[in-house]
Amino acid sequence: MRRDVALRHKINRAITFTQSNYDGTINLDQMADVACLSKFHFARSFQDYLHEAPYSFLHRTRLEQAARSLTHHPGKRITDIAFDCGFASPQAFSNAFRDRFKMSPRQYKHNRRLMSELSYRAQLLAESSSVRKRFEASSELLNQRVDIVRKPEMRIAYVRSIGPYFDVEGANLRASTTLADWAKRRGLWSPDATFLGVCPNAAALTPPNLCVYDVGIVVREDIVEDDTISIQTLPSGKYAALSVACSSLQLDSVWSWMVSTWLPASGETYELKNSYEVYVPGQHDIIKPEYGVEVCLRLV
């Protein structure tokens, strides 16, 4: 394996680990340990790969998770959210939050409608208002199709893209094509294969150029990292699952409907991590939501 590829795998492991463990126990030393790199080498390599310093990435991840918790866990105390997201004190959290979102955590919590104004995808959603209205008008049908299911642990080989979730002709498409080509060369492409799109960020909060998207395929234990794919394991858990066939632009609206309309009415609690999409390749030679996709929203 080339040296640059091995380094990419190490940085990817640190990114995935941090996004799943953003509390106060995580620091730069631990991130470097996960990557099996010295602190200096890790910091330089991380910056080169993500174009963001590791401390800035960790700080931003904590703030974005806190904002999501303020929105989706309204019964949770702000102090508890601050500590859960790794801030040393409520005051430190409040100062950092105000610096990022230009309002206090309490104002944000009680004015969640401002999310649309703060959203990086506000313009996209405005342009797709007719799509959203169609899903909202069909909410009764969609409610009937949302199932609460238990998903198993899955080991996936994946290609990571970094860029806007809604740039359908950009990095996400290139990653999907790369994974499809790899799976075909390895004899893993079939109508029965399980392909996933893992989306750890909230498009409304994360700067578009820093959104992480992993397109992957469930693989056996004997499949190891190589020049094309990295490996990660998605934990088992409880999910709200909705199956649709739609365009990539419509898929963004489906996620929006699931989170903003179905979730509050369901009485369920959003886990805020490990949500993903399951694609149905069928007889086609590429992964696209038009051929069928199951939106899987992780629940507590």
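Visitor: Which residues is Leu297 in contact with, leaving aside its neighbours within four places in sequence?
Guide: Lys238, Tyr239, Ala240, Trp255, Met258, Val259, Trp262, Leu263, Tyr270 and Ser275. Contact here means heavy atoms within 4.5 Å. Keep in mind that this is a predicted model, where local features need pLDDT of at least 70 and side-chain atom pairs count only at pLDDT 80 or more, while totals for chains, interfaces and linings use all residues. Residues are numbered from 1 along each chain as its sequence is written, and side-chain values use heavy atoms, with hydrogens and water left out.

Visitor: And which residues touch the most other members of the largest nonpolar core?
Guide: Leu297 is one of them, along with Leu179, Trp182, Phe195, Ile217, Val219 and Met258, in a core of 44 residues. A nonpolar core is a set of buried Ala, Val, Leu, Ile, Met, Phe, Trp, Tyr and Cys residues joined through side-chain atoms within 4.5 Å. Buried means under 20% relative accessible area, exposed over 50%, and partly exposed in between (1.4 Å probe, protein chains only).

Visitor: Which element gives the largest share of this core?
Guide: Helix H13, with eight residues. H13 spans 248-266. Helices (H or I, at least four residues) and strands (E, at least two) are DSSP runs, numbered from the N terminus.

Visitor: Switching to the sheet: in what order do the strands come?
Guide: The eight strands go S1-S6-S8-S7-S3-S4-S2-S5, with antiparallel pairing, in an open sheet. Two strands pair if DSSP finds at least two bridges between them.

Visitor: Why is one side of S1 and of S5 left without a neighbour in the sheet?
Guide: Strand S1 (147-151) and strand S5 (230-234) are at the edges and have a single partner strand each, so one side of each has no neighbour there.

Visitor: How many bridges join S6 to S8?
Guide: Seven, between residues 237-244 and residues 293-299. Lys238 stands opposite Leu299 in S8.

Visitor: What about aromatics, how many pairs are there?
Guide: Ten. Rings of Phe, Tyr and Trp (its six-membered ring) pair if their centres lie within 6.5 Å; planes under 30 degrees apart count as stacked, over 60 as edge-to-face and the rest as tilted. Phe87 and Phe93 have ring centres 5.1 Å apart and planes at 50°, so that pair is tilted. Both of these residues are buried.

Visitor: Which residues do ring pairs link into a cluster?
Guide: Phe87, Phe93, Phe97, Phe101 and Tyr108. Phe97 and Phe101 both sit in helix H6 (residues 90-101), four residues apart, about one turn of the helix.
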